[in-house]
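Thanks for coming, everyone. Let's take a quick look at one structure. Please have the model open in your viewer.

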Amino acid sequence: MEDYNRILDDILHTVNSVDTPGKVATYIPELAKIDPYKFGVSLQFANGETYNAGDYDERFSIQSISKVFTLSMAIQCIGDKVWDRVDVEPSGDPFNSLVQLEHEEGIPRNPFINSGAIVICDILLSELENPKDDYLQFMHDLQGTDKIQYNEEVFTSEKSMGYRNVAMANFIKSFKNIHNKPEDVLDFYFYTCSIDMSCVELAWSFQLFAQHGKCAPDGTLFLEPNQIKRINALMLTCGFYDESGEFAFRVGLPGKSGVGGGIAAVLPGEFSIAVWSPKLNEKGNSAKGMHALELFTTHTEMSIF
Ligand code: DON
């Protein structure tokens, strides 16, 4: 029987004993204020067993991890029609890149790069009466509480500086793959990114992807197992932008990162895990977070490979 408390404590000690290079995201000014030396982890098994270490209870900005939740909602709304608007291939380019959009006529490579998530937000804007309230409700339903909120400072901060995303939304609109006003789509997109969650809350929400579509608080089926299969496949192949291959190679789990320094990942049928450490590597993924997950799956031999 593994002693997961000891394993997580050992990982915490190991990652904190090396001065991992990397920088906190600064292009969203509010994120630049975060203490770069924070580190938290939460491991949750499908049977409810939970193990935590470090700053596991402290909330941080989930940023692009939101892209998994908005995709899930879009699939709930329109099912496979999502794939007419967004492709399912790795991009091999940074998360905020515009280059492929011109050749591919405004169809983003996948829903986990910014361009793809912006199109997903456009779908939700068309489908939902109150997209922001419905998104928050979705997050609350996954959690079983209404404690999760958006962070107004982060939202305003990104909105004031989101020039690349503004360019992207307008460019996609020129190919008619955005149906609403670009400013409305971006307002919703920035909102979805500005949610604050702790490692415990994130891992709990990610039970949805570990438990084949069942939401953790009451076991309600939110998505069909074959829809979760697709989301997990996309997390494995596209969850870390142009570092998705490296993440699969080193960690071996479907997962998703955000520039707030969070990473959430699952071993389907077994567990969800969330880590947080704000310093990012040059690809925009948490440097220590990746290291910690690599140590975890290597030591426990619990990965999909
Ligand atoms: O749109 C952006 O640039 C941010 N709101 C989210 C980017 C992000 O988290 C990329 N992740 N590693």
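Are phenylalanine 60 and tryptophan 276 buried or exposed? Both residues are buried. Keep in mind that this is a predicted model.

Now the rings. The whole structure holds 20 aromatic pairs. One of them joins phenylalanine 60 and tryptophan 276. This pair is stacked, at 4.9 Å centre to centre, with 5 degrees between the planes. It links distant parts of the chain: phenylalanine 60 sits in strand S3, tryptophan 276 in strand S7, 216 residues apart.

Next pair. Phenylalanine 138 and phenylalanine 222 are tilted, with 50 degrees between the planes and 5.7 Å centre to centre.

Ring pairs connect Tyr4, Phe45, Tyr51, Phe271 and Phe296.

Back to H6, and on to helix packing. Helix H2, residues 66–78, packs on helix H6, residues 131–143, at an angle of about 100 degrees. Their axes are 11 Å apart. Angles of 65 to 115 degrees count as roughly perpendicular, so H2 and H6 are roughly perpendicular to each other. Residues in the contact include Phe69 and Met73 of H2, and Tyr135 and Phe138 of H6. By class, the contact has six nonpolar, four polar and one charged residues.

Last stop, the strands. S1, residues 40–45, and S2, residues 50–54, pair in the antiparallel sense over five bridges. Serine 42 has asparagine 52 in S2 as its bridge partner. The two strands form a hairpin with four residues between them. In the turn, glycine 48 has a positive phi of about 100 degrees.

Note on methods:
Residues are numbered from 1 along each chain as its sequence is written. This is a predicted model: local features need pLDDT of at least 70, side-chain atom pairs count only at pLDDT 80 or more; totals for chains, interfaces and linings use all residues. Side-chain values use heavy atoms; hydrogens and water are left out. Axes are lines fitted to C-alpha atoms, for helices over the stretch in contact, and angles run from 0 to 180 degrees between N-to-C directions. Angles under 35 degrees count as roughly parallel, over 145 as roughly antiparallel, 65 to 115 as roughly perpendicular and the rest as oblique. Contact means heavy atoms within 4.5 Å. Ala, Val, Leu, Ile, Met, Phe, Trp, Tyr, Cys and Pro count as nonpolar, Asp, Glu, Lys and Arg as charged, and the others, Gly among them, as polar. Two strands pair if DSSP finds at least two bridges between them. Rings of Phe, Tyr and Trp (its six-membered ring) pair if their centres lie within 6.5 Å; planes under 30 degrees apart count as stacked, over 60 as edge-to-face and the rest as tilted. Buried means under 20% relative accessible area, exposed over 50%, partly exposed in between (1.4 Å probe, protein chains only).
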